[in-house]
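Here is a friendly note to read alongside the structure. Take a moment to turn the model around before you start.

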Protein chains: 2
Amino acid sequence: MPTVKLSEIATGAPKKVSKEAAETAMKKILDELDELQNLLYAEHKHSLLVVLQGMDAAGKDGAIRDVFGQLNPMGVKVQPFKAPTERETDHDFLWRIHLHAPPKGVIQVFNRSHYEDVLVQRVHKWVDEKTIRKRMDAINDFEKLLTVHNNTHILKFYLHVSQKEQAQRLEERTKDPRKMWKYNEKDLAEAKLYKTYWKAYEDVFKHCGKVPWHIIPADDNWFKEFLIAKTVRDTLKSLKMKYPRLPEAKK
Amino acid sequence: MPTVKLSEIATGAPKKVSKEAAETAMKKILDELDELQNLLYAEHKHSLLVVLQGMDAAGKDGAIRDVFGQLNPMGVKVQPFKAPTERETDHDFLWRIHLHAPPKGVIQVFNRSHYEDVLVQRVHKWVDEKTIRKRMDAINDFEKLLTVHNNTHILKFYLHVSQKEQAQRLEERTKDPRKMWKYNEKDLAEAKLYKTYWKAYEDVFKHCGKVPWHIIPADDNWFKEFLIAKTVRDTLKSLKMKYPRLPEAKK
């Protein structure tokens, strides 16, 4: 992946895209996604892993609800990754991740992921730089394993939100009763570290970019969701899937 | 690992080792193992993965019983790998293996392993040679992951049995009521393919030898078990483990 400077990348929707046009297109895309997901499940040949990364309040939860919420949950799973449990830290950092890798036919969404082990842990210097580099190598090997040995297509999204928009969303959590459950005083301290986070993300794009990252402007939720849905649709469409026919004997 | 020709490697105990001396030494080794296992569990820093491979009737089950059977089962787990289930084949071939990787403090024994995917599947040509090579690469990455990122020490044993001894043991399964439950008519057909298996094993030693293989002469069970126990003991001893002291506050 070419070098990325996050400070030079827009966080809002481009002016040329109107909200109305995007919302109309979105309806069609969601219908197509519904059909493509069914086909993925029926064909049972590929799987899709969607990795969602971004700072607090970047809109990961909303993206999951609005893009994947209308699909058949039989074939769509969501797994959040929070601070690892004791049982998880007794294993290598990819153990709990591998466990939730998608089986054939399934769309698996990761709300945060193995990338936290080279982001939050690096920003806070909980591990040394040498270990970070080794973890990145292990992540590349792991993504290759899923891709080569189980036909898993991996889509990695970074939700790019401005510091201003993030501050506003965190503020909302202290005022809107429907959002207070998300309030965490630690988020404010984390938000202050956004420059260090951006640098860590830029390094991830560089060293773990063989499976490319999609950088999604995330200040406008409607645009963010449109772009994610479109990318998922395009990826599934490119697989040229077919419904299996009846076995020979039944023809 | 240097190139190995299995046809040139002895399958029986060397003449210079007497059964009596080995059995006396074995008693001491098993006592040491018991203490070392307790220390491994208490220190909670390393883990040990023991991979047992070998043809049918090579004595894998017996090795497990006699070497690990007297240890505390709280810290010693055994996992056999048979033909994969449908749920398992819906994932990459290492998924079911990774699930059973040892947590810190634990000795995990694999009765057969991920190596079956580059052995039985290759001998029967169920997958093409290109896939076999890619699987070997993935196995090397996987073993590196466990070693580097969870302090897992991997001991790989190949139990080397002669065709004659194997034939005799398979024959016993048709006569001894205590062994009949192991009888499987397919084993006889597999045994005929021993030259192809040996070739496949030699290739595994070559391409997946970064974590070295221990080739164990397995015609004499007492010698096989002595050698495995000794290797496990030496490995655990080399870790220079220490019982944790009381936390500062309690001193």
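This is a predicted model: local features need pLDDT of at least 70, side-chain atom pairs count only at pLDDT 80 or more; totals for chains, interfaces and linings use all residues.

1. Chain A has a secondary structure of 10 helices and 5 strands. Its radius of gyration is 19 Å, close to the 18 Å from the globule rule for 251 residues, so chain A is as compact as a globular protein of that length. Along the principal axes, the C-alpha atoms of chain A fill a box of roughly 65 × 45 × 40 Å.

2. Next, look inside the chain. Of the 251 residues in chain A, 51% are buried. Among contacts in chain A with a separation of 6 or more, 82% come from residues 24 or more positions apart.

3. How do the two α6 helices meet? Helix α6 of chain A (residues 129-150) packs against helix α6 of chain B (residues 129-150) at an angle of about 145°, and their axes are 10 Å apart. The crossing of α6(A) and α6(B) is left-handed. Residues making this contact include A:Arg135, A:Ala138 and A:Leu145 from α6(A), and B:Thr131, B:Arg135 and B:Leu145 from α6(B). By type, the contact residues are 6 nonpolar, 3 polar and 6 charged.

4. Finally, the cysteines. Is A:Cys208 buried or exposed? A:Cys208 counts as buried because its relative accessibility is 0%, and buried means under 20%. B:Cys208 is also buried, with a relative accessible area of 0%. A disulfide is a covalent bond between the sulfur atoms of two cysteines. Searching the whole structure turns up 0 disulfides over all chains.

Notes
Residues are numbered from 1 along each chain as its sequence is written. Chains are lettered from A and ligands numbered from 1 in the order in which they are written. Side-chain values use heavy atoms; hydrogens and water are left out. A disulfide is a pair of cysteine sulfur atoms within 2.5 Å. Buried means under 20% relative accessible area, exposed over 50%, partly exposed in between (1.4 Å probe, protein chains only). Axes are lines fitted to C-alpha atoms, for helices over the stretch in contact, and angles run from 0 to 180 degrees between N-to-C directions. Helices (H or I, at least four residues) and strands (E, at least two) are DSSP runs, numbered from the N terminus. A crossing is left-handed if the near helix is turned anticlockwise from the far one by less than a right angle, and right-handed if clockwise. Contact means heavy atoms within 4.5 Å. Ala, Val, Leu, Ile, Met, Phe, Trp, Tyr, Cys and Pro count as nonpolar, Asp, Glu, Lys and Arg as charged, and the others, Gly among them, as polar. The radius of gyration is taken over C-alpha atoms; the globule rule is 2.2 Å times the number of residues to the power 0.38.
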